[in-house]
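This report describes selected side-chain pairings and local features of one protein model. The sequence and the structure are shown below.

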Amino acid sequence: MPDKTLKQFQAEVDAWIQAVGGGYWTPHANLARIAEEVGELARLINHLYGPKPKKAGEAAQELGEELADILFALICLANSEGIDLADSLQRVLDKVWQRDRNRHKG
């Protein structure tokens, strides 16, 4: 299966929201959801690489899935606000290529 574009993922999320998701949440609710998902990622990173072990019997988590949960929530916010993430990401990449071109060289 060929890789999907960001536009295709945005369209797929929109189709799901319209069909079964009950509509988009408000921007504040979407931001809260993003914060929750980032918290779950932080907890997993701490379990994988930090000093905090998982509790006995705690469900396993997968790093890629936690990242994708954040991306899904970000796409929901972008879609609800009519933002083309591919276009926005390209502008950010153009900006950092220029602004930070020599910033991290040793």
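Does D84 count as buried, partly exposed or exposed, and what is its relative accessibility? D84 counts as partly exposed, because its relative accessibility is 28%; buried means under 20% relative accessible area, exposed over 50%, and partly exposed in between, with a 1.4 Å probe and protein chains only.

The model is predicted, so local features need pLDDT of at least 70 and side-chain atom pairs count only at pLDDT 80 or more, while totals for chains, interfaces and linings use all residues. Residues are numbered from 1 along each chain as its sequence is written, and side-chain values use heavy atoms, with hydrogens and water left out.

**Salt bridges**

Side chains of opposite charge can pair when their charged atoms come close. A salt bridge is defined here as a side-chain nitrogen of Lys or Arg within 4 Å of a carboxyl oxygen of Asp or Glu. The structure holds five salt bridges, including those in the table.

| Pair | Closest N and O atoms |
|---|---|
| K4 and E12 | 2.4 Å |
| D84 and K7 | 2.2 Å |
| E58 and R43 | 2.1 Å |

D84 forms a salt bridge with K7. D84 lies in the loop between α3 and α4 and K7 in helix α1 (residues 6-21), so this pair ties together parts that are 77 residues apart in sequence. Helices are DSSP runs (H or I, at least four residues), numbered from the N terminus. K7 is partly exposed, with a relative accessible area of 49%.

E58 forms a salt bridge with R43. This pair links distant parts of the chain, with E58 in the loop between α2 and α3 and R43 in helix α2, 15 residues apart. Salt bridges that share partners join R43, K54 and E58 into one network. Relative accessibility is 24% for E58 and 30% for R43.

In the pair of K4 and E12, K4 has a relative accessible area of 34%, and the value for E12 is 43%.

Helix α4 (residues 85-99) has 15 residues. From its first C-alpha to its last, α4 reaches 20 Å, close to the 21 Å expected at 1.5 Å a residue; the expected span is 1.5 Å times one less than the number of residues.

G57 lies in the loop between α2 (27-49) and α3 (63-80). G57 is exposed, with a relative accessible area of 83%. The C-alpha atoms of G57 and N102 are separated by 47 Å, and these residues are 45 residues apart along the chain.

Definitions and conventions: Helix = DSSP H or I, 4+ residues; strand = E, 2+ residues; numbered from the N terminus.
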